Amino acid sequence: WLKDLGMEDPQVAKVLTEFPQILGYSLEDNVKPTVQFLKDLGIEDTQVAKVLAKRPQLFSLSLEENLQPTVQWLKALGLDDARVAK
């Protein structure tokens, strides 16, 4: 599934090496919602793949308790989606 995002074999290997916990995560409950959240910020598939290859720990963060509040806080500071995505 990571390859469907556009990850190359070395990126997939890096994710699995640095964050093997992903193998125990539910694709439907953890992985896909995180990817969709990043896409909803305006990040393209290829960029999502790069972000997740560099920071696979994002999969471990709760959308409701961490990612969404952080994005809302950044927006409250005046950042738009494009700046938040960076």
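The structure holds 1 aromatic pair. This is a predicted model, where local features need pLDDT of at least 70, side-chain atom pairs count only at pLDDT 80 or more, and totals for chains, interfaces and linings use all residues. Residues are numbered from 1 along each chain as its sequence is written, and side-chain values use heavy atoms, with hydrogens and water left out.

Me: What makes the pair of F19 and Y25 edge-to-face?
Reply: Rings of Phe, Tyr and Trp (its six-membered ring) pair if their centres lie within 6.5 Å; planes under 30 degrees apart are stacked, over 60 edge-to-face and the rest tilted. The centres of F19 and Y25 are 5.8 Å apart and their planes stand at 75 degrees, so the pair is edge-to-face.

Me: Why is F19 called buried?
Reply: Buried means under 20% relative accessible area, exposed over 50%, and partly exposed in between (1.4 Å probe, protein chains only). F19 has 6%, so it is buried.

Me: And why does Y25 count as partly exposed?
Reply: Its relative accessibility is 27%, so Y25 falls in the class partly exposed.

Me: On to the helices, then. Why are α2 and α3 called oblique to each other?
Reply: Helices here are DSSP runs (H or I, at least four residues), numbered from the N terminus. Axes are lines fitted to C-alpha atoms over the stretch in contact, and angles run from 0 to 180 degrees between N-to-C directions. Helix α2 (residues 27-40) and helix α3 (residues 45-54) pack at about 125 degrees, with their axes 10 Å apart. Under 35 degrees counts as roughly parallel, over 145 as roughly antiparallel, 65 to 115 as roughly perpendicular and the rest as oblique. The helices α2 and α3 are therefore oblique.

Me: Which residues of α2 and α3 meet?
Reply: With contact meaning heavy atoms within 4.5 Å, V35, L38 and K39 in α2 meet D45, V48 and L52 in α3. By class, this contact has 4 nonpolar, no polar and 2 charged residues. Ala, Val, Leu, Ile, Met, Phe, Trp, Tyr, Cys and Pro count as nonpolar, Asp, Glu, Lys and Arg as charged, and the others, Gly among them, as polar.

Me: What makes α2 roughly parallel to α4?
Reply: α2 and helix α4 (residues 63-76) pack at about 5 degrees, with axes 12 Å apart. That angle makes them roughly parallel. P33, T34 and F37 of α2 make the contact with L63, L67, Q68 and V71 of α4.

Notes
Helices (H or I, at least four residues) and strands (E, at least two) are DSSP runs, numbered from the N terminus.
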